Amino acid sequence: MSSTPAVPATGAEPVTPKMPRQIPFIIANEGCERFSFYGMRNILTMFLMTSLLLSIPEELRKGEAKDIFHTFVIGVYFFPLLGGWLADRVFGKYNTILWLSLVYCAGHACLALFEHNKNGFYTGLFLIALGSGGIKPLVASFIGDQFDQTNRSLAQKVFDGFYWIINFGSFFASLLMPLFLKQFGASVAFGIPGILMFIATFVFWLGRKQYVRVEPVSNDPHAFLVVIRNAILSQGQTRTQSRPGLWLTLIGFTLALVVFGFIKQIGLVSVLCSALVLVMGFGGVGAWMQLDRVRGQHPDEAIDGVRNVLRLLVLFALITPFWSLFDQKASTWVLQADHMTKPEWFQSSMMQALNPLLVMILIPFNNFVLYPLLNQAGVKVTALRRMGAGIAFTGLAWIVVGALQLAIDGGDPITIVWQIIPYALMTFGEVLVSATGLEFAYSQAPLSMKGVITSFWYLSVTIGNLWVLLANSSVKGETVTNYIESLGLSVTAFQMFFFAGFCLFAAFLFAMYARNYRMLDNYRKA
């Protein structure tokens, strides 16, 4: 693997960056873990529809299966906040990853053992959400910890390789698990991913003596949340200044409490996530307005770090529409595939194997063909430009899938082969957004907040799935349903075009905001 030599000190010989020897342990761990996760995730909707939810009337079963699936995904991408905090402040990344991996294994065991027991099965989903979500931000940031300023030029290549192995595991899981579910039943289909998760944990443990371990920082008087709290509560030097930031934060908390009144309409998980978004959004803006008041109380470095993190969180918020579309390939697109013509042996959920297959093709194609050609043409391919374009391509994919839905609703026989087009468009968008975003999130995070910031990156996935749940809830009302019918569209087609527009508008806002974003380099020194 070729690389650009590190910039030497004056008079020193050029130093060729070296790949850390411990990287293969982390990459192999991720490949097995992703097989285990996508192996169970990609058959979850079909299992719910054909087995666990059979007691629910058929006309309600599809909506219930989608709600359970996206609630589970919300949990997976919400628990990174807990995992990131535990790693950065208490246990360190290695210990947190290892211990939560054991919780993860227990969750898989519950799925295999309780295929006919709702409480036992949902307990398994909770444990997997806790384990998978808890380690999700840490493995990516743990990879970043293995690099420093002397070899950081290799980091993006390793993050691309990391994302490639994720999709290697996902490809085989997507292809094989639906067949195993059909031929051998749920216990085997959910048990095999559990075995792979145990192997992933063991491989990670094997590299324990070679890892670079960044120690957690506890009781930091200038930590991110401490500065945020003090800024919001600050009365200013004169103690008579108005406190608009405090009032804005209180408005956020008040709205969060109001949301709890809608539990029956949108569900507890949606309420909790909505409340979190309101508190974070209003509190973040409130703290920004009063940050300069705590200069002197906190060093300039800490205050500037908080401001940089808040800028970064705005970018993450603008990426949430991408995730609201991307994760529906395992629910909405699978349900659409059920109404398309296909060979008898082909299961609808097997179509998802196309996504990781395309990722494995596109990552090397982009790095070795597309990006060099664009650079030669004078187009600078920055991380932010990649992500903005990726959001837009995902919106285009949903315009295509919406057109397919119109044909299905019109009674035309549509072959499942047509789904290749939206899969290709959305996968290209995924590579531009997700593979780029992992290294981007790590590079922009302060050294003491690598795990937490990467968890905020994954929290954007939670919010994306929250939009899906809220959209599903909104179309259940008679007024909205009647309006959609007046347009001559089915609810499914209407939602597809709505999400496409939502994503394209987000791409526009992302591009506008990114123009003034100042890139940082927060890799540790050698």
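Colleague: In which hand does α1 pass α2?

Modeller: This is a predicted model, in which local features need pLDDT of at least 70, side-chain atom pairs count only at pLDDT 80 or more, and totals for chains, interfaces and linings use all residues. Residues are numbered from 1 along each chain as its sequence is written, and side-chain values use heavy atoms, with hydrogens and water left out. A crossing is left-handed if the near helix is turned anticlockwise from the far one by less than a right angle, and right-handed if clockwise. For α1 passing α2, the crossing is right-handed.

Colleague: How are α1 and α2 directed relative to each other, roughly parallel or roughly antiparallel?

Modeller: Axes are lines fitted to C-alpha atoms, for helices over the stretch in contact, and angles run from 0 to 180 degrees between N-to-C directions. The axes of α1 and helix α2 (residues 58-78) come within 8 Å and cross at roughly 155°. Angles under 35 degrees count as roughly parallel, over 145 as roughly antiparallel, 65 to 115 as roughly perpendicular and the rest as oblique. α1 and α2 are therefore roughly antiparallel.

Colleague: How many residues of the contact of α1 with α2 are charged?

Modeller: Contact means heavy atoms within 4.5 Å. Among the residues that meet are Phe37, Arg41 and Leu44 in α1, and Arg61, Lys62 and Phe69 in α2. Ala, Val, Leu, Ile, Met, Phe, Trp, Tyr, Cys and Pro count as nonpolar, Asp, Glu, Lys and Arg as charged, and the others, Gly among them, as polar. The contact divides into 11 nonpolar, one polar and, for charged, three.

Colleague: Which residues of α4 make the contact with α1?

Modeller: The axes of helix α1 (residues 23-52) and α4 come within 12 Å and cross at roughly 35°, in a left-handed crossing. From α1, the contact takes Glu33, Arg34, Ser36, Phe37 and Met40; from α4, it takes Tyr104, His108 and Leu111.

Colleague: How many charged residues are in the contact of α4 with α7?

Modeller: Helix α4 (residues 93-113) and helix α7 (residues 186-206) have axes that come within 8 Å and cross at roughly 165°. The crossing is left-handed, and residues that meet include Tyr104 and His108 in α4 and Phe198 and Trp205 in α7. The contact has 14 nonpolar residues, six polar and, for charged, none.

Colleague: Where is confidence lowest among the helices, and where does pLDDT stay under 50?

Modeller: pLDDT is the predictor's confidence in each residue, from 0 to 100, and the chain has a mean of 86. In the protein chain, confidence is lowest in helix α10 (residues 263-266), at a mean of 76. Where pLDDT is low, the predicted coordinates should not be read in detail. The stretch where pLDDT stays under 50 is residues 1-8.

Terms used. Helices (H or I, at least four residues) and strands (E, at least two) are DSSP runs, numbered from the N terminus.
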